[in-house]
Amino acid sequence: MSLSSFSVLETEIFRYIDAHQSDFIENLKEWVAVESDSVQPELRKEVIRMMSLAAARLAALGATVNSVSLGSQQLLNGQHLPLPPVVLGELGKDPQNLTICFYGHVDVQPAKKEDGWKTDPYTLTEINGNLYGRGATDNKGPVLAWINAVETFRAFKIAMPVNFKFVIEGMEEAGSLGLEKLLEEEKQGFLSDVDYIVISDNLWLSKKKPALIYGTRGNACFSVEVEGGDKDLHSGTFGGIIHEPLTDLIALLDSLVDPTGHIQIPGIYDAVAALTDEDKKLYESIEYDIEEHKNNSGVKKLLFSTKEEILLHLWHYPSLSIHGIEGAFHEPGIKTVIPAKVIGKFSIRQVPNMDLSDVKQQVVDHLENVFAKRNSPNKLKVSMPLGAKPWVADVNDPLYKAAKRAIRTVFGEDPDFIRDGSTIPIARIFQTITQKRVIMFPIGAADDGEHSQNEKISRHNYIEGTKVFAAFFLEISKLRGQLHETSNPRTNN
Ligand SMILES: NCCCC(=O)N[C@@H](Cc1c[nH]cn1)C(=O)O
Ligand SMILES: [Zn+2]
Ligand SMILES: [Zn+2]
């Protein structure tokens, strides 16, 4: 097929997508109606039902579908809960074509109308061009946009420009239990002939300007436990004569970060990669509205006032957040207790070239040092239950160039190349296992409110997102032959 016939085909394809908007929105409505909340055990059967719908949707496309069982998980109360299967789909096996593997998830965060939703979270509702509903942008909308784009090519009954593979999971919001093991097992099987992996599970930085994501931070999650005696005590009887575990813990937590956001753990910034000129150039050109970001957060003042400082502290530097204290009295009212054991939770977002085992050692050394100065007889235990490395891609990779061209075709402008301060651990896992390039190709806008009340995707982003994926397939098909001329994916530490 010549390049000029590509543009005729593109026009036809875009026309088809416009003409089928209502069908595509109806499909999203059907998916949003399933309360596939993976966080609450009582809704697990709905997640499993959602996986069957996703499998059926892929089968209707003509894909070969395998719903792989992951067994069960054991809850803290000892109860066993079935894990939803992972859906592996495959469409097309033309040896001339490149094979793109799309990863997405169809489980959602919890949502209740009384949390402050304007509409029922499980009834997709269009208001002023926005489609409101839980999962609309995270991640059911983007998964369906990809499927809509594949369906469009099928409708034209032409040779497919690429071979497709799908990995759709139902436990992303609960830590992707079992997925890494399955991907490891499929390294020589399902994943063996994959050329690229595409993830569309983040947002643009702006409401209007498209973006491609080339980096995410990792995360090191810590628990710090301070234990005194074996039972809670009355503060009237013991207050003033003992070392209180919660007082120790608050001192430990207070030692971690100063009021400017600077982490106080010695050595923590030592390995942070130097800022390159290329990074600086990318940051300067990014469209970013500080006021809008501040208003979205609901806070009165940010720690930094310039775009560059804010982006650097979200993407390029580690940050430390304190999340909570287990065992501390937190209910309303007064309770004059001294808790016997408390566990503080905090996490440190990881950037290239931090090393998780070094970070763990630095944290342990620092906390033990602070604790030692308190001369407390209490027991201190520090652990790192979760460690995810950062992920960075090369924006000069032909894959990113193909995505940029697709965006220009559909949106009429070049994307911003941005990072995401949060963590998508599966990107790095895919890259490590397959040794293939991963791209994060978002279609949702900055104000979509993932995980929040009134989550939405706009009709515009959903439909134009479908077109941009279709255009991307054509661009990828032009990469045949170039693939082996490029180097292996950049692996940061
Ligand atoms: N925009 C995508 C966000 C995905 C997300 O929220 N990921 C979690 C994963 C995580 C990290 N540490 C523990 N869980 C996140 O908090 O970044
Ligand atoms: Zn998501
Ligand atoms: Zn999410």
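Predicted model: local features only at pLDDT ≥ 70, side-chain atom pairs only at ≥ 80, totals over all residues.
**Exercise 1. Find how the chain is divided into domains, and which classes of residue domain 1 shows to domain 2.**

Solution. 
- Begin with the boundaries. Domain 1 is made of 3-216 + 390-485, and domain 2 of 218-272 + 317-388.
- Next, take the centres over C-alpha atoms: those of domain 1 and domain 2 are separated by 37 Å.
- Now look at where the two meet. On the domain 1 side 5 residues make contact, and they touch 7 residues of domain 2.
- Sort the domain 1 side by class, and you get 3 nonpolar and 2 polar residues, with no charged ones.
- Finally, bring in the record. An unreviewed UniProt entry annotates residues 214-373 as "domain: Peptidase M20 dimerisation". In the model this span is 36% helix and 21% strand, and its end C-alpha atoms are 43 Å apart.

**Exercise 2. Work out the strand order of the sheet that contains β11, and explain why one side of β13 and of β16 has no neighbour in the sheet.**

Solution. 
- A reminder to start with: strands in a sheet pair by backbone hydrogen bonds, in a parallel or antiparallel way.
- Here the order reads β13-β15-β11-β16, an open sheet of 4 strands with antiparallel pairing.
- Walk to the ends of that order. β13 (320-326) and β16 (379-388) are the edge strands, and each has a single partner, so one side of each has no neighbour in the sheet.
- Going from one strand to the next, the twist averages 20°.
- Zoom in on one pair: β11, residues 218-227, joins β16 through 8 bridges in the antiparallel sense. One bridge to pick out links Asn219 with Ala388 of β16.

**Exercise 3. List the residues around ligand 1 and trace which strands and domains supply them.**

Solution. 
- Check the strands. β11 and β16 each give at least two residues to the shell.
- Last, check the domains: domain 1 and domain 2 each contribute at least three residues to the shell around ligand 1.

Notes. Residues numbered from 1 in each chain as written. Chains lettered and ligands numbered in written order. UniProt positions renumbered as here; feature names shortened; annotations may be inferred. Domains from an automatic or database assignment. Contact = placed C-beta atoms within 7 Å. Nonpolar A, V, L, I, M, F, W, Y, C, P; charged D, E, K, R; others polar. Pairing = 2+ DSSP bridges. Axes fitted to C-alpha atoms, helices over the stretch in contact; angles between N-to-C directions. Near = placed C-beta within 6 Å.
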